[in-house]
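The sequence and the model are shown first.

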Amino acid sequence: MSAVLRPLVSATGLLLVYYLLPFDKGFTGATALGLALGLTGVLLLFIRQSRSIAESSRPRLRAVEMLATVMPLFLLLFAAAYYLLERKEPGNFNVHLNRTASLYFTLTVFTTVGFGDIVALSDTARILTMVQMAADLLVLGVAAKVVVGKVQAGLRRRDPGSGPPAHGGARDDGGS
C-alpha cells in the first residue's frame, strides 16, 4: 500500500468503526472504565509506535503513520464517551449530541477553538470535558516533543553526519 494511503486508510477505518459500532447503552461506570482502558491503550500504542519511528528508514513518514492512528483513536474515544453520556441522560449538553455532534464537540475542545455552540451543562459532562482538556495538553505537548525527538533520532541514525555538533563544537551561549 502506498505510503500516502496508509495513514488515510488508518484514520478512515477508525472513523468508520466509530460510526458503525453499536453504542446501545448509555454512559455507565463500565464506559468510564472503558475510556480509561482505551486511553491507556492509546498510550501503550503511542509508546510502541514511537519506538519504531527512530528505527525506521523513513522516520518522518513513520511518524505521520503513527499519528494517523493514535490521534483519531484518542479523539474518537472521547467522542464516543460524549455520545454515550448524552444518550444515557439527554441534557448533559445544551444540544442533543448524535455521533457527528459528539465528534465535532471533541474536535472543538481538542483544537481549543470552543465555538460555544455546544456546551457541557452537567457536572459529569464538565468533568469529562476537563479530562479531555488535560489529556489534550499532554498529547499536544509531550507527544509532539516525543515524536519530533524520535524523528530526529531516526534521521541521525540514517545519516550520522546530520546531527548537532558533538562536544567541542561551536558554542552558541555567547561564551568565548
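Which residues in α2 are buried? In this predicted model, the buried residues of α2 are T31, L35, G38, V42, F46, Q49, S50, I53 and A54. The helix itself runs over residues 29-55, a stretch of 27 residues. From its first C-alpha to its last, α2 reaches 40 Å, close to the 39 Å expected at 1.5 Å a residue. The cover over the buried residues of α2 includes α3 (59-88) and α5.

Helix α5, part of that cover, also packs against another helix, α4. Two packed helices are described by the angle between their axes and the distance between the axes. Here α4 spans residues 99-110 and α5 spans residues 123-158. Their angle is about 55°, and their axes are 9 Å apart. The crossing of α4 past α5 is right-handed.

On the α4 side, the contact is made by F105, T106, V109 and F110. These meet T129, Q132, M133, D136, V139 and L140 in α5.

Another residue of helix α4 is T108. Its relative accessibility is 8%, and T108 therefore counts as buried, the limit being under 20%. Leaving aside neighbours within four places in sequence, T108 is in contact with V113, G114 and F115.

Key:
Residues numbered from 1 in each chain as written. Predicted model: local features only at pLDDT ≥ 70, side-chain atom pairs only at ≥ 80, totals over all residues. Heavy atoms only, no water. Axes fitted to C-alpha atoms, helices over the stretch in contact; angles between N-to-C directions. Helix = DSSP H or I, 4+ residues; strand = E, 2+ residues; numbered from the N terminus. Left-handed = near helix turned anticlockwise from the far one by under 90°. Contact = heavy atoms within 4.5 Å. Expected span 1.5 Å × (residues − 1). Buried < 20%, exposed > 50% of the residue type's maximum accessible area, 1.4 Å probe, protein only.
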